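Below is a short briefing on one protein model. The sequence and structure come first, then the points grouped by topic.

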Amino acid sequence: MALTLFAHPFSSYSQKVLMALRENDTPFVYRHMEDPGVAEALAALWPIGKFPVLMDRELVVVESSLIIEHLDQQHPGKVRFLPKDPETVLEARLLDRFFDQYVMGEAGAPVLEAIRAKSDRLEEAKERASERLEIAYQWLEKRLSGRAWAAGDDFSLADCAAAPSLFYADWVHPIGGGYPWLRAYRSRLLARPSFSTCMEDARKYRSYFPLGAPRSRLGLEKHALARICMVRRDFDPSLFTPSGQPALKARLYECAEDGPWRGTVEGSALGGGSTVLAYGTDVVGEGPRLHVHPYDETFIIVAGCAHFYVGEAEFEAAEGDVVFGPAGVPHRFVNLGPGRLQTIDIHHSPSWIQTDLL
Ligand SMILES: N[C@@H](CCC(=O)N[C@@H](CS)C(=O)NCC(=O)O)C(=O)O
């Protein structure tokens with residue numbers, strides 16, 4: 001294959017180029033920066049050591065914007081990244097520079113500060129980033145008003161730069177409700193399949209983000225929707241015969257202790273049909289092993305953020321979310337961080353029955 005890309009799924013500049021490759025289904029070999037020997041191979045090609053780097057047969061192409069221009073010239077597809085008209089091409093380049101330097105660059109500054117060995121200016125760096133991003137958002141709001149894409153009428157290089165920049169900048173300094181055009185533009189980019197694939201591939205590296213990846217806004221919106229749509233059904237108590245079982249109480253965990261809390265109350269202890277587990281961990285990346293139950297399970301995320309693997313499905317769940325694991329479907333979850341994950345897990349069974357698979 002002619003093209004090889006040195007990249008990492010969590011890297012914004014890698015995502016910019018991956019988006020362009022995926023827009024045109026351009027075939028390429030992915031050299032993941034965490035695979036053995038890949039960082040060394042990259043350093044031999046490009047002593048600066050930054051990625052992405054594209055190899056087109058013998059030619060080494062560096063810098064994300066130039067890689068996209070190279071693809072546009074040498075491997076054109078249905079989506080053209082550089083507009084034909086000379087005025088619009090300058091607009092595309094301006095917006096590409098703007099997103100790289102004044103959005104991604106500013107958002108990246110506190111991130112770099114946080115990962116410095118002796119980070120003593122993090123608060124200052126965060127404040128500075130917020131001030132500068134606010135100025136960038138104001139400019140972009142005017143610029144994007146009435147537009148679908150950043151330059152001209154069509155998707156371009158500028159939009160490839162915009163997607164990862166706005167995706168991450170919003171984590172550092174949220175794009176407020178006063179920027180409706182910018183927020184709508186970000187949502188449009190995030191929904192584009194070439195970028196949503198990047199987001200999915202990056203998801204499992206979210207714990208790398210030193211300032212803490214955000215809670216799922218989508219999750220919150222889904223909840224708000226669930227509350228609005230939820231219709232309670234009344235029933236006629238006179239037609240119902242109580243079972244005669246007594247009400248009982250049991251202790252799941254000692255909340256006077258610091259936590260994270262773990263504990264179990266089997267349904268049989270309360271005379272009920274559900275077993276309740278508390279599971280918590282402060283260790284990012286930690287979680288129960290892959291396992292399966294012969295009954296359904298409902299997980300309530302009480303604090304923090306988790307990545308769930310349920311059969312073929314994978315998703316992120318944050319504080320306030322509820323996840324359903326059907327009977328017989330292997331599942332596990334890990335703490336995505338930052339900080340503590342605390343869940344309450346309801347096993348739809350009077351006793352806890354489980355087989356660990358790994
Ligand atoms: N201007 C470069 C920036 C590339 C860049 O900063 N890449 C980051 C990853 S997103 C990197 O290589 N970081 C590792 C390092 O600096 O050693 C481009 O557009 O490609």
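Helices (H or I, at least four residues) and strands (E, at least two) are DSSP runs, numbered from the N terminus. On that basis the protein has ten helices and 14 strands. The model is predicted: local features need pLDDT of at least 70, side-chain atom pairs count only at pLDDT 80 or more, and totals for chains, interfaces and linings use all residues. Residues are numbered from 1 along each chain as its sequence is written.

**Confidence**
- The mean pLDDT (the predictor's confidence in each residue, from 0 to 100) is 90, and 95% of the residues score at least 70.
- Residues 216-229 have pLDDT below 50, and this stretch has seven contacts in the model beyond near neighbours in sequence; two residues are in contact if their C-beta atoms, placed from the backbone, lie within 7 Å.

**Overall dimensions**
- The C-alpha trace spans about 80 × 45 × 45 Å along its principal axes.
- Among contacts between residues at least 6 apart in sequence, 70% join residues at least 24 apart.

**Helix pair H1 and H3**
- The axes of H1 (residues 12-23) and H3 (residues 64-74) come within 9 Å and cross at roughly 10 degrees; axes are lines fitted to C-alpha atoms, for helices over the stretch in contact, and angles run from 0 to 180 degrees between N-to-C directions.
- H1 and H3 are therefore roughly parallel to each other, a term for angles under 35 degrees.
- H1 contributes Tyr13, Lys16, Val17, Ala20 and Leu21 to the contact, and H3 contributes Ser64, Ile67, Ile68 and Leu71.

Terms used:
Parallel < 35°, antiparallel > 145°, perpendicular 65-115°, else oblique.
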